[in-house]
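Please look over the structure below before reading on.

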Amino acid sequence: MVEQRPLSKFVAHAILVAGIVIVAFPVYLTLIASTHEPADIVNGTMGLLPGHMGVTHYFDALFSGTKQIKSTPVLQMMGNSLVMALVIAIGKIAISIISAYAVVFFRFPFRMFFFWTIFVTLMLPVEVRIYPTYKVVADLGLLNTYAGLTIPLIASATATLLFRQFFLTIPDELVEAAQIDGAGPMKFFRDIVLPLSLTNIAALFVILFIYGWNQYLWPLLITTDSGMDTIVYGIRRMIVTSDANTDWHIVMATTMLAMLPPVFVVVVMQRLFVKGLVDTEK
Amino acid sequence: MAEVELRAVRKSFGATKVIHGVDIKIADGELVVIVGPSGCGKSTLLRMVAGLETVSEGTIAIDGMPVNDREPKDRDIAMVFQNYALYPHMSVYDNMAYGLRNRGMDKAEIDRRVREAAKTLELAHLLERKPRQLSGGQRQRVAMGRAIVREPKAFLFDEPLSNLDAKLRVQMRVEIKKLQRQLGVTSLYVTHDQVEAMTLADRLIVMNAGVAEQIGTPMELYARPATTFVGGFIGSPAMNFFPARAANGRVELGGGIVLAMSNATAAGEVTVGIRPEHLTLGGADGVSLPIKVELIEHLGAEALVYGHLPGGAALTARIDGETDVALDAQLTLSVEPRHIHLFDKTSGRRVD
């Protein structure tokens, strides 16, 4: 236990503050840089206080992107990322909750075989099976489409596993009570399993949304049309190494914008998530 | 409301037989309690009636109709579970209304039934609460309410009181009994608590290792237990058992004690059963039991005296609480011949 002494309190707080500064400073620097003249950023004469170009830079980034080499407007990239993150998160949750429901509540032949098959895919991350997956997506003509961007990433053993563990904690008596109350499999799922899983769904949504939003390798392979750029991959495209100067001010603004949706999701979902945890039964 | 009939009902899980044939006809409005130690198959039997377990052999009929192949929801029964099994995310109202909504009942009728049940169970002010905001006793009442609103042919209770504290258990026991009388619904009630069983039951089924040892009214079981198991299970403190030899209306307990039972026809090796409350202080001709007092438990109105017979058999006697008995004293106890039970030594069955 922590002793209630001024000195230990001070030390503990000092360590925490130092940690926060280390984590937050680069983010702060990015924010500051996005409001300064490009020349100031490159020359290193930029201070630690905000400049006066903020509104212009963010406006430029959102609606036209970088100018030295033409990039997709950030708004469009954010749209692409949003579609990708949402489809992946919702798709993963939908598929895994249904498969976990089947594995836990139904007795069918080879039930455990299917469960283990799902489980084994945990051992094969996207990077390992990237070539065959790419081949399949390419053969299906899904390159440069939202479908190609999202569908291969939807299948999820992790989420299935989490839902399975949660479903196993639902007491048998509750299932039986529902059976006697005349709730068939569909009704039981909709009226009881789904509402009880709400907090788990919220938590998974946060994790999976960020997972989808941060995808880099897969969009890099699957999209060649810059109109399909996601924001994380798009930032990389804005940074040029030769032939032209990088519009660092736009890059900085874009970086800040790229962080907003995940932060927003965490903040909004966390409320629901914490409420669920506090309200939870037993 | 209806009769529930079990005909030669058996259950096996794979090769393991857990219920070896139970027959009983539960009359309309009757409350039958299945009592037995854990693992005796009492819950399995109840779950078979509910349709939550399949019936391996035999027939279960509700209202004259065999229901072996019917789904639980089509059997028109309602069940109260040990852990209440309330839907945690639904309000008390919705918990009670859920089963009715699934049956497509008219909204106004659902509302009427739920409010009426809530009034009967004194839950009216709690209808909007979630189960987690209720106490154990209130949850138990909601579980009862969920059963009542269905107006089913039969109630099935699976140890509904075992999660409550002792005081509340007694209180709820009385409430359940009153409610069952008032509604007149045929009920099957499972418990491991013999006091609960005795107080609630119109008739009792005492189960042991998958066999219905005896079926009868509580007083029948108390007065004439069919086996040593029933004798030991019904009544508290438990019946005293002594090995003995019977011949010619005399029962020899060993250590020189002989009980005269002029109307007993049993002969050979027997087990004698005597209830602690039927032992009285003071000797009487032919039925005296001398013991040395080893331990006394004062319970207020009564006292339990523990000791051993000269032959070495342990004995418990229940005597008046105000009687002054010293530790290590020699006592002579007597028992009326009509309170002596004789059982076959090997089969444990009653012999008269």
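Predicted model: local features only at pLDDT ≥ 70, side-chain atom pairs only at ≥ 80, totals over all residues.

B:E302 has B:D320 as its bridge partner in β18(B).

**Hairpin of β17 and β18**

- Strand β17 (residues 302-308) and strand β18 (residues 314-320) of chain B run antiparallel and are joined by 7 bridges.
- The hairpin of β17(B) and β18(B) has 5 residues between its strands.
- In this hairpin, B:G312 has a positive phi, near 105 degrees.

**Four-stranded sheet**

- In chain B, 4 strands make an open sheet with the order β2-β1-β4-β5, and the pairing is antiparallel.
- The edges are β2 (16-26) and β5 (65-66) of chain B; each has a single partner strand, so one side of each has no neighbour in the sheet.
- Strand β1 (residues 4-13) of chain B runs antiparallel to β2(B), with 8 bridges between them.
- The partner of B:K11 across a bridge in β2(B) is B:I19.
- Helix α1 (residues 42-50) of chain B packs on this sheet, where it touches β1, β2 and β4 (57-62) of chain B.
- The direction of helix α1 of chain B makes about 115 degrees with that of β1(B).

**Six-stranded sheet**

- Another open sheet of chain B has 6 strands in the order β6-β7-β8-β3-β9-β10, and its pairing is mixed.
- Its edge strands, β6 (77-80) and β10 (211-216) of chain B, each pair on one side only.
- On average, and with direction ignored, neighbouring strands of this sheet are turned by 15 degrees against each other.
- B:M79 has B:L156 as its bridge partner in β7(B).
- In general, strands of a sheet pair through backbone hydrogen bonds, either parallel or antiparallel.

**Contact between chain B and chain A**

- The contact involves 25 residues of chain B and 17 residues of chain A.
- About 2000 Å² is buried between chain B and chain A, and 56% of this lies on carbon and sulfur atoms.
- The interface of chain B and chain A has 1 salt bridge by the rule applied.
- The side chains of B:R47 and A:E176 meet in a salt bridge, with an N to O distance of 2.8 Å.
- There are 11 residue pairs in polar contact across the interface of chain B and chain A, counting pairs with both residues at pLDDT 80 or more.
- On the side of chain B that touches chain A, the elements giving two or more residues are β6, α2 (92-102) and α4 (136-148) of chain B.
- By class, that side of chain B has 13 nonpolar, 5 polar and 7 charged residues.

**Backbone features in loops**

- Which loop holds B:D76? B:D76 lies between β5 and β6 of chain B.
- B:D76 has a positive phi, near 60 degrees, and is a residue other than glycine.
- The peptide bond that joins B:S236 and B:P237 is cis, with omega about -5 degrees.
- B:P237 is in the loop between α8 (228-233) and β11 (240-247) of chain B.

How values were computed:
Residues numbered from 1 in each chain as written. Chains lettered and ligands numbered in written order. Heavy atoms only, no water. Pairing = 2+ DSSP bridges. Axes fitted to C-alpha atoms, helices over the stretch in contact; angles between N-to-C directions. Contact = heavy atoms within 4.5 Å. Buried area = accessible area lost by both parts, 1.4 Å probe. Salt bridge = Lys/Arg side-chain N within 4 Å of Asp/Glu carboxyl O. Polar contact = N/O pair within 3.5 Å; in protein donor to acceptor, adjacent residues only side chain to side chain. Nonpolar A, V, L, I, M, F, W, Y, C, P; charged D, E, K, R; others polar.
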